[in-house]
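Hi there,

Here is the structure I promised to pass on to you. My notes on its side-chain contacts follow just below.

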Amino acid sequence: MASVFVKTEDDHVLEMTRGVADMAITLKNMMEDFSDEAITKEDPIPLSNIKKPAMEFVINWCVTHQDDDLTEERFEEFKTSIELFPEDQELFGKLDCPGIFSVIKAANFLDVARLLDYACKALVLRINGKTLEENAKQFNITREITMEDKIRAIEKHPWILTGCNLIPAHIEMKNAYYEKYPEQRPASETDEAADEQASS
């Protein structure tokens with residue numbers, strides 16, 4: 001089978017089989033405009049926004065899953081489970097959070113739909129149940145995260161409140177938000193707060 005060559009943002013030329021390249025719809029569409037002989041190591045397909053580590057991961061993942069016989073029903077079951085497939089646990093286990101995020105961007109650009117789903121799930125599993133401070137450390141964010149930062153995050157992404165009942169630091173963040181925006185507090189939580197105040 002013919003080889004396909006790509007050149008990453010950081011000037012590395014990587015090789016893959018045509019079958020693996022076809023799993024990336026963006027590459028597949030690009031290759032329709034060229035013969036196999038036109039895509040050589042000396043004249044690779046340029047990928048100006050993907051660096052070598054992310055592209056190597058995409059290639060390795062595609063090789064691993066090239067022969068998958070995964071029905072849509074089984075894939076939907078996977079999407080709602082709380083675990084990755086064993087082979088993906090091994091692959092993603094080698095990446096830190098910024099690395100997974102780079103894979104997400106690469107999979108999105110290359111249009112590898114299932115890898116995009118898998119990578120997003122891997123990132124969610126990695127950050128789930130951790131405080132903002134713990135996740136900031138995972139993403140190498142060194143600036144102190146203030147309560148105002150947290151409130152602004154909720155203002156921008158209200159869905160954050162749905163996961164604020166498990167960790168004390170998250171509960172503190174939620175209460176600070178409702179102190180600033182009392183009209184946003186659900187009636188059920190308002191009733192609970194009143195009951196607690198009456199019993200104390």
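Counting salt bridges (a side-chain nitrogen of Lys or Arg within 4 Å of a carboxyl oxygen of Asp or Glu) gives six. Before the details, please keep in mind that this is a predicted model, so local features need pLDDT of at least 70 and side-chain atom pairs count only at pLDDT 80 or more, while totals for chains, interfaces and linings use all residues. Residues are numbered from 1 along each chain as its sequence is written, and side-chain values use heavy atoms, with hydrogens and water left out.

One of the salt bridges joins Asp22 to Arg18, with 3.3 Å between the closest N and O atoms.

Another links Lys180 and Glu148, where the closest N and O atoms are 3.9 Å apart. Lys180 belongs to helix H10 (residues 168-180) and Glu148 to helix H9 (residues 147-156), so this contact ties together parts that are 32 residues apart in sequence. Helices here are DSSP runs of H or I with at least four residues, numbered from the N terminus. Both ends are partly exposed: Lys180 has a relative accessible area of 41%, and Glu148 comes to 39%.

Helix H9 also holds Asp149 and Arg152, three residues apart, or about one turn of the helix. Their side chains form a salt bridge at 2.5 Å, N to O. Asp149 is buried at 16%, whereas Arg152 is partly exposed at 46%. Through shared partners, salt bridges also connect Glu148, Glu155 and Lys180 in one network.

Now for the rings. There are four aromatic pairs, where rings of Phe, Tyr and Trp (its six-membered ring) pair if their centres lie within 6.5 Å, and planes under 30 degrees apart count as stacked, over 60 as edge-to-face and the rest as tilted. Trp61 and Tyr118 have ring centres 5.4 Å apart and planes at 90 degrees, so they are edge-to-face. Trp61 sits in helix H3 (residues 52-65) and Tyr118 in helix H7 (residues 113-127), so the pair ties together parts 57 residues apart in sequence. Both of these residues, Trp61 and Tyr118, are buried.

Tyr177 and Tyr181 make a tilted pair, because their planes lie at 45 degrees, with centres 5.1 Å apart. Tyr177 is buried at 8%, while Tyr181 is partly exposed at 23%. Together with Tyr178, Tyr177 and Tyr181 form one aromatic cluster.

Best wishes

Conventions. Helix = DSSP H or I, 4+ residues; strand = E, 2+ residues; numbered from the N terminus. Buried < 20%, exposed > 50% of the residue type's maximum accessible area, 1.4 Å probe, protein only.
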